[in-house]
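Visitor: I would like a close look at a single part of this model, with its surroundings described carefully.

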Amino acid sequence: MRITSISINNFRLLEKISVNLEEDITLIVGRNNTGKSSLADLCIDLLEKQNELKFVDFSNGCYPKFRESYEFYKEYLKSIKIGEDEKEQLIKIAKIEETLPKITLEILIEYDKEKDTNLTGLSTYIMDLDVSRNDALILVEFSADDTLRLFSSYQTSNNTEAVDLIAYL
C-alpha cells in the first residue's frame, strides 16, 4: 500500500496544489517561502489532531470567500427580520456554509489486493465496492465549527465598521 498523491486546498501558500508521489522517491524542492514546509505541516496538523489550525492558516486567496459568506449571513439575518419562511432561511444557511472556505487535504492511497491482505484500517476510506478498484481516498477538512456563531460574534462586536472581518477573524 502506498500514497500516490496528495492534494491541498487553501492552506497558507498552498492555495490549490496536487503532488503525485513516485514509487521510489519524491523530492519537494523550491525557493524559500514557496510552501515546502506547509505541505508537511498540514499533513502533521490535520492527521495528528494535537495541533489545531487557526484562521491565519487559510491562504490569502480565501479572504474574498469569507467576505462573500458573511454577506450571505447578513441576507440570512434580513430574512429572519422580515419573517421569511423556514425553508428560505435554511437555503440561506446552506449558502453561507457552502461559500465558507475550508482547508482540505486529500490523500489517495493505492493498495495491492494480493500483498495487502489486511485492509481493515483503510476500509472506511475505500471509495467503491467495485472489485476492480484498488484505491482509497482520505479527505480531511478544516472549517469553522459553527459559522452562524462565528459571524454573529463578529457582528455583535463593538466595531464592525472599524474592524474588517478578516482582521477580526
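Visitor: Does arginine 12 count as buried, partly exposed or exposed, and what is its relative accessibility?

Guide: In this predicted model, arginine 12 counts as partly exposed, because its relative accessibility of 29% falls between the limits of 20% for buried and 50% for exposed. Asparagine 10 is buried, however, because its relative accessible area of 16% is under the 20% limit.

Elsewhere in the model, threonine 147 gives another buried position, with a relative accessible area of 1%. Threonine 147 lies in helix H4, which spans residues 147-156, and its side chain is joined to that of glutamate 97 by a polar contact of 3.1 Å. When neighbours within four places in sequence are left aside, threonine 147 is in contact with Ile96, Glu97 and Leu100.

Ile96 also belongs to the H3 side of the contact between H2 and H3, to which Phe72 and Tyr76 are among the contributors from H2. Helix H2 (residues 63-81) and helix H3 (residues 86-99) pack with their axes 8 Å apart, at an angle of about 170°, which makes H2 roughly antiparallel to H3. The residues of this contact comprise six nonpolar, four polar and five charged.

Conventions:
Residues are numbered from 1 along each chain as its sequence is written. This is a predicted model: local features need pLDDT of at least 70, side-chain atom pairs count only at pLDDT 80 or more; totals for chains, interfaces and linings use all residues. Side-chain values use heavy atoms; hydrogens and water are left out. Helices (H or I, at least four residues) and strands (E, at least two) are DSSP runs, numbered from the N terminus. Buried means under 20% relative accessible area, exposed over 50%, partly exposed in between (1.4 Å probe, protein chains only). A polar contact is a pair of N or O atoms within 3.5 Å; within protein, one must be able to donate a hydrogen and the other to accept it, and residues adjacent in sequence count only if both atoms are side-chain atoms. Contact means heavy atoms within 4.5 Å. Axes are lines fitted to C-alpha atoms, for helices over the stretch in contact, and angles run from 0 to 180 degrees between N-to-C directions. Angles under 35 degrees count as roughly parallel, over 145 as roughly antiparallel, 65 to 115 as roughly perpendicular and the rest as oblique. Ala, Val, Leu, Ile, Met, Phe, Trp, Tyr, Cys and Pro count as nonpolar, Asp, Glu, Lys and Arg as charged, and the others, Gly among them, as polar.
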